[in-house]
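Here is a quick tour of one protein model. Take a look at the structure, then read on.

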Amino acid sequence: MSHTNESEETVVPYFGVFDLFKIGIGPSSSHSVGPMRAAEAFLNELQEADLLQQVSRVQIDLYGSLALTGLGHQTDVALLMGLLGETPDQIDTETVPAKLASIRESQKLSLNGDHPIAFCESTDLIMHRRAVKGMHPNTMRFSAFKEGDLETPAIEATYLSIGGGFIVREGQTRTSQARCSSEVPYPFTSASELLQHCEQHRISINELALANELTFRSREEIREGLQRIWKVMRECVEKGCQTKGILPGGLNVERRAPDLYRKLTERGDPVNQDPLCVLDWVDLYALAVNEENAAGGRVVTAPTNGAAGIIPAVLHYLQRFCPDVTDETIERFLLTAAVIGSLYKRNASISGAEVGCQGEVGVACSMAAGALTDVLGGTPHQVEEAAEIGMEHNLGLTCDPIKGLVQVPCIERNAMGAVKAINASRLAMGGDGKHFVSLDRVIRVMKRTGADMSARYKETSRGGLAVNISEC
């Protein structure tokens, strides 16, 4: 029996490309995608217990960062849509305002779309803004009551939103629902092990990633899934470049991507006259995505919504300014990026509420830098170095969104992160892959830095730029 327990404790989860890249909605993977998935999971629990049709009231209690920045991150909206039975990857974002208005005007909500109950946000969606010692910063508790007993929940469940749209039910291990790394041909828990596989089997990181993914899906399924992710990224950029207006939330932030797009297209591509115009295009791609995210549009978590613009921006740079880019190039990029992201997910965190923005923009920058290096012909050691550079120069990056909105400084941070990723790749490609600080070491340092960081700088809007705003 003791041997079994030890084996269970040493199970290593496998995080694949479709775990790190998930199609969802803005503005936040941890505060909107995660809560919507938690609401879906709670509905499933009610159905499995044969209680759904007996429920007369549902109460949701939010704690930590979800309570402090939930309104700015549209956590309330995500939860209501989730209780309606909507999912982040399938919901029609154009229908959200009307559905939300209907719930608030009628004070009624149809659980799973077919069981109407009374629902008043002031009493049924409660945000506990005081910190609770020992509690995960993104905690939500669902309680369902039956008619005749509105004091004692018929069923209760607590979920944690752990970043990137991942959720876990309290009491379960974070790996309990994950696939196991021992199932794949090239298991790894560190960058060091990853490089050993590449050297021993003479394969690239994207080849290793594909071989592992083939354990769970066919080659055609992988290709179709990756191309769908790339399609959503492209559509997000296109919509962001075309949609003018003011972003919601009260900061009156004007969308900049449409005007920048117009200026760049009018002047053409004068790279010979101004080589730095390449940066303008990279900025444009990142701004377009993150303005769409801030408006609650369709995005891909990469690996989070707050950092969703970096990888699409670098992919668009790759497609526009680098030669011989094919669909297969894009797929290799995403596979390599996911491998790097999985190291952070497994050994540190990709949640701004846990480790600050270094876990979002920093991780996305690292993923993009390594992936770009891989598809441009870099060696596995150069890929590892590029990923390390991408994080090393984001260490300590705080998460301090003004008014709890994923707008300032989040949108511009994605533009800066994308440019930094490209430069990190160029630095690594200029060397031979030998460098002083390993990727494994920088991941450990990032995790410790996040642990040392004051909660004020971890998605609570209680420190940094969020509270130091000069009056105009």
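## Ground rules

Helices (H or I, at least four residues) and strands (E, at least two) are DSSP runs, numbered from the N terminus. This is a predicted model, where local features need pLDDT of at least 70, side-chain atom pairs count only at pLDDT 80 or more, and totals for chains, interfaces and linings use all residues. Residues are numbered from 1 along each chain as its sequence is written, and side-chain values use heavy atoms, with hydrogens and water left out.

## A buried glutamate

Let's start in helix 17 (residues 380-392), where you'll find Glu-384.

Leaving out residues up to four places away in sequence, Glu-384 touches Ala-191, Leu-195, His-435, Ser-438 and Leu-439 (contact means heavy atoms within 4.5 Å).

## Two paired strands

Strand 2 (residues 22-25) runs antiparallel to strand 11 (residues 298-301), and four bridges join them; pairing takes at least two DSSP bridges. Across from Lys-22 sits Thr-301 of strand 11. Lys-22 and Gly-24 point one way, Ile-23 and Ile-25 the other, and all are buried.

## Cysteines

How many disulfides are there? The count is zero, with a disulfide being a pair of cysteine sulfur atoms within 2.5 Å. For Cys-357, the closest cysteine sulfur is in Cys-399, 5.5 Å away, so that's too far for a bond. Cys-357 is buried at 9% relative accessibility, whereas Cys-120 is partly exposed at 22%.

Methods:
Buried < 20%, exposed > 50% of the residue type's maximum accessible area, 1.4 Å probe, protein only.
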